[in-house]
Amino acid sequence: MATIPSELSTPTAFTRRLNRVKEQPFRIVTLLALLVILMIFIVYPVSQVLLRSFQVDGIWSLGNYERFFNSLFYQYTLYNTLVISTLATVGALLLGLIFAFGVTRTSMPGKNIFLLVSILPLITPPFFSAFAFILLLGRNGIFNQVLFSLFETRWVIYGWHGVTLAQIFTLFPIAFLNLTAALSSIDPRLEEAAEDMGASFLYTFRRVTLPLLTPALFSSAILIFMLNLSAFGIPAILGSTNLIWREGSMLAPEVILEILGMNSNWGMGSTLAVIMLVPSFALFLFQGWYVRRRSYITVTGMPTTFAPRPSPAYIKWGVFTICSLTTFFVLSLYLVIFAGAVTETWGVNYNLTTRHLELMLRINQQSIINSLLLSLVGAAVASLLGVFIAYILTRWNFLGKSTFNFIVMLPYALPGVVMGLGLAAGFNSGLLILSGTAMIILIDFAVRRMPFGVESSKSALAQVDSTLEQAAADLGANWPRVFQRITLPLLRPTFFATLTFCFIRSMTDITSVIFLVSPRWRLMSIDIYNSVSAGRLGVAAALSALMIIIIIAVLAVIWRVSGLGYRLFRL
Amino acid sequence: MYTATSSHLSNALERAPSEPVIIQGLTKRFGKPVAVDNLTLTAEAGQLTTLLGPSGCGKTTTLRMIAGFFFPDKGEIYIGTERITDQPPNKRPTRTVFQNYALFPHMTVRENVAFGLEVERVPRAQQRQWVDDILQVVGLDGMAERQPGQLSGGQQQRVALARALVTRPKVLLLDEPLSNLDAKLRVTMREEIRRLQTSLGITTLYVTHDQEEALSLSDKIAVMNNGQLLQFGSPAEIYERPVNRFVAQFLGLSNFLNGTVETSEKGNAVIRFGDYCVSVATNRAYAAGTAITVTIRPENLIVSSEGDGLLGRVISSSYLGAVARYHLHLEGQSDEVIADEHAPSGDRLYQPGDAVRVRLREGRGFVQ
């Protein structure tokens with residue numbers, strides 16, 4: 001009789017082991033396939049940029065670096081980039097902090113409007129504000145026309161102050177959303193406890209709120225600084241004169257000028273890209289280290305339904321004033337764009353016209369379709385890949401996992417210029433020729449957004465109780481089925497949020513696709529940039545307005561389909 | 001503010017002159033629903049007053065209005081003769097112990113406790129001394145340099161208490177301070193809080209939904225529901241003479257027996273249940289023959305197999321160690337009745353189906 005249990009259990013254990021062995025090769029194949037893809041489309045292009053920076057006319061040389069360090073022009077370019085990036089980062093953080101504080105910690109009116117307005121810069125091309133600045137504050141901008149007619153003087157926006165301001169208005173929403181999330185997770189009772197013990201509002205802010213907010217401030221600062229460093233559109237449009245070091249330019253526009261300009265100097269362009277890459281990459285590593293180091297900020301996320309405690313009137317209304325002015329300014333930027341699209345000649349003749357719209361539909365039709373399709377497909381690939389890789393990284397154990405993770409996150413640390421340059425350089429000859437195809441643009445979109453998909457899916461996965469998956473496996477599901485039936489549905493909100501974000505980013509991107517577009521495969525964002533540079537402001541305005549409408553339409557569709565509403569922006 | 005006149009090296013257990021908290025007509029709405037509805041209450045100087053009620057009854061909202069985190073829509077709050085209704089929290093002489101303790105995670109225990117002293121600009125050396133003293137009082141000596149995250153729940157609770165007490169507030173506010181502790185620790189901590197409170201003689205308001213906690217700690221209990229004060233009195237008053245069914249049931253198991261008044265004078269009455277009569281406490285006199293409901297606790301019902309009393313049948317019995325609990329059906333009563341037998345013998349419980357007689361302990365029933 002005693003043998004019956006063992007006879008019963010042996011086959012079960014055996015089939016289990018068999019299943020395990022059956023799954024193992026499948027996992028290995030999956031991992032290897034992913035690794036090959038990552039090597040080809042991330043590591044190989046980046047190495048191309050590095051290699052080319054050490055080549056002068058096809059010969060190995062340190063010449064490019066010598067030229068960089070011996071030229072005052074390049075030095076000043078570097079200084080300009082660093083200083084303006086720092087200024088813009090500080091400004092964006094401050095503005096973001098004021099907005100976040102106002103929304104989470106005061107009872108000021110109009111919070112919903114401020115939230116909505118702060119999302120606008122996120123869904124429009126980054127160089128968009130630069131363009132609107134020209135229409136508003138350029139030599140023939142409305143503001144300067146009024147100023148000139150009154151005082152015979154102008155306050156022209158071209159220069160370091162214009163770049164800084166435009167960058168601040170473009171990037172403060174990032175700080176705002178990050179800090180809002182962080183402030184909401186800080187238990188307001190901590191601040192109440194401080195006030196309860198006699199601390200004033202500002203003292204509480206300095207001694208309790210700010211220290212607890214440091215990690216969020218810090219990671220926002222790093223992200224914003226990296227975006228500032230690699231910014232191309234705004235410096236290219238507003239930063240051609242009157243920078244802090246007047247003899248210099250700024251890095252990203254310079255890279256593009258070297259390569260796409262008359263000289264077509266790939267070597268020097270690559271060298272500048274590498275110079276840009278170094279601080280970006282260092283910050284990326286530093287941030288990773290910093291996030292692992294901080295330990296005590298496991299703030300009790302006890303949800304509290306309490307309304308914000310009363311804040312002193314001067315704080316509430318001071319914050320309200322700043323938010324209102326910013327909102328007014330941001331809205332006027334958008335208004336100007338839409339007005340520009342239907343104005344005969346901006347600054348000269350303000351008659352209504354449909355001329356620019358007609359011209360746009362005739363010339364840019366193909367780009368509009370290209371942008372929409374490629375961005376959607378690219379975003380879908382990036383989001384799916386992101387969820388899948390996040391799943392592998394959180395639920396599987398394998399040799400070289402941290403290296404795998406590092407490669408996956410690499411595009412996050414790379415300025416857009418580097419990725420675009422690498423893809424352009426890597427696939428215009430040899431085994432795989434992709435230059436001039438839609439494929440290379442798609443790859444760029446997918447690869448550059450993927451780290452974001454991985455990160456957001458990872459944090460979502462961390463909140464999915466793994467016993468749910470264990471239960472499914474216990475009921476006999478193999479891992480692809482568990483992933484498809486349990487994990488993926490639970491990650492639905494994250495997936496849609498990622499999809500939205502990736503789509504918007506791809507639509508509005510110019511820095512890396514500028515190297516990848518071809519006469520056959522043009523993109524809307526590049527057309528806008530070219531129209532602005534060529535001075536065809538009317539068409540540029542029409543295209544920008546259309547892009548905003550397309551993005552809002554797609555957002556509305558995802559909004560409805562996913563049933564997430566405003567949570568789309570709460571990542 | 002700190003004044004240099006206090007020359008004591010140790011102020012940890014020094015009694016401060018205490019003041020009452022006077023609440024008059026306090027009302028607070030959140031949108032349409034009323035959170036606190038016209039609440040009037042005086043927490044006597046040096047006493048521990050508990051606000052007791054189910055969640056959403058307005059007890060925490062009341063406490064937060066006393067602390068200054070909410071401003072009332074109507075009504076006034078005084079501490080002694082000082083009107084504090086519109087003062088910001090940092091100007092009030094109150095200190096709060098929060099439900100989740102709200103210890104600053106980026107500061108050590110010492111920095112947490114010293115925070116209030118730091119705000120009052122107490123000299124460093126004095127701060128050190130007082131923090132050490134108070135930590136000793138709450139049994140945390142030697143823990144000053146720890147981070148809050150390294151402490152157990154009970155220790156965090158003590159830090160929160162020390163932080164609130166070290167500045168010698170006139171009023172101590174405790175918001176469900178024990179709800180995050182396990183059952184055993186809760187009993188220890190509540191005894192400790194009570195001991196500290198009485199030795200310091202500090203006026204204390206204590207919010208809880210746990211009736212046992214309220215009974216064991218309080219000088220006075222205010223029972224609240226739906227934002228309104230239902231009853232305010234000593235623990236014995238509240239427990240033994242609840243003003244209505246809600247208060248009776250919230251403070252523990254209660255039976256409600258229907259009978260008629262046989263004779264009545266102010267303070268007590270004889271009630272008839274069929275052929276069984278018993279005297280109960282009342283608040284007023286009733287006309288003979290009035291149908292009334294007697295409220296009585298399970299421990300005041302006596303179950304026996306014979307003699308006089310209401311005729312009943314056992315539905316179920318359970319042995320709980322100190323008591324045996326019977327669920328009974330009594331003749332002429334629609335509600336099920338619960339009776340506790342003290343020091344029962346586990347082998348000789350009445351069994352389901354047994355016919356029994358149930359008597360009310362003389363004078364322990366209560367007619368509202």
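This is a predicted model: local features need pLDDT of at least 70, side-chain atom pairs count only at pLDDT 80 or more; totals for chains, interfaces and linings use all residues.
# Strands, cavities and helices

Visitor: Okay. How do β1(B) and β2(B) pair, and over how many bridges?

Guide: They pair in the antiparallel sense over 6 bridges, with β2 covering residues 34-43 of chain B.

Visitor: Which other strand does β1 of chain B pair with, say β4?

Guide: β4 it is: β1 (residues 21-29) and β4 (residues 74-79) of chain B pair in the antiparallel sense over 5 bridges. Within that pairing, B:I23 has B:I77 as its bridge partner in β4(B).

Visitor: So what's the order of the strands in that sheet?

Guide: The order is β2-β1-β4-β5 in chain B, an open sheet of 4 strands with antiparallel pairing. At the edges are β2 and β5 (82-83), and each pairs on one side only.

Visitor: How many bridges join β16 and β17?

Guide: There are 7 bridges between β16 (residues 310-319) and β17 (residues 323-330) of chain B, in the antiparallel sense. In that stretch, B:R313 stands opposite B:H329 in β17(B).

Visitor: Let me zoom out. How many helices and strands does chain B have?

Guide: Chain B comes to 8 helices and 20 strands. Its C-alpha atoms fill a box of roughly 75 × 50 × 40 Å along the principal axes, and of its 368 residues, 52% count as buried.

Visitor: Switching topic. How many cavities of 30 Å³ or more does the structure hold?

Guide: It holds 4 of them.

Visitor: Which residues line the largest one?

Guide: The lining includes A:P121, A:T124, A:F128, A:F169, A:V330 and A:Y334. The elements giving two or more residues to this lining are α5 (128-137), α7 (160-185) and α13 (313-341) of chain A. The largest share, 3 residues, comes from α13(A).

Visitor: How many charged residues are in that lining?

Guide: None: by class, the lining of the largest cavity has 8 nonpolar, 3 polar and no charged residues.

Visitor: And the second largest cavity, which residues line it?

Guide: A:R189 is in its lining, along with B:L63, B:R64, B:F69, B:T96, B:F98 and B:D175. About 50 Å³ of space lies in this second largest cavity. By class, its lining has 3 nonpolar, 1 polar and 3 charged residues.

Visitor: On to the helices of chain A. Is A:A88 buried or exposed?

Guide: Buried, since its relative accessible area is 1%, and buried means under 20%. A:A88 is in helix α3 (residues 72-105) of chain A. Its C-alpha atom is separated by 8.5 Å from that of A:I224, 136 residues apart along the chain.

Visitor: What about A:A438, buried or exposed?

Guide: A:A438 is buried too, with a relative accessible area of 14%. It is in helix α18 (residues 438-463) of chain A, and 10 Å separates its C-alpha atom from that of A:L373, 65 residues apart along the chain.

Visitor: Last one, α21 of chain A. What should its 17 residues span?

Guide: At 1.5 Å a residue, helix α21 (residues 492-508) should span 24 Å, and its end C-alpha atoms are 25 Å apart, which agrees.

Visitor: How many of those 17 residues are buried?

Guide: 13 of the 17 are buried, so α21(A) is largely enclosed by the rest of the structure.

How values were computed: Residues are numbered from 1 along each chain as its sequence is written. Chains are lettered from A and ligands numbered from 1 in the order in which they are written. Side-chain values use heavy atoms; hydrogens and water are left out. On a 1 Å grid over the protein atoms alone, a cavity is a set of points where a 1.4 Å probe fits but cannot get out, and a pocket is an open set with protein on both sides within 12 Å along at least five of seven lines; lining residues have an atom within 4 Å of a point. Grid points are joined across faces, edges and corners, and a volume is the space filled by probe spheres set on the points. Ala, Val, Leu, Ile, Met, Phe, Trp, Tyr, Cys and Pro count as nonpolar, Asp, Glu, Lys and Arg as charged, and the others, Gly among them, as polar. Two strands pair if DSSP finds at least two bridges between them. The expected span of a helix is 1.5 Å times one less than its number of residues. Buried means under 20% relative accessible area, exposed over 50%, partly exposed in between (1.4 Å probe, protein chains only).
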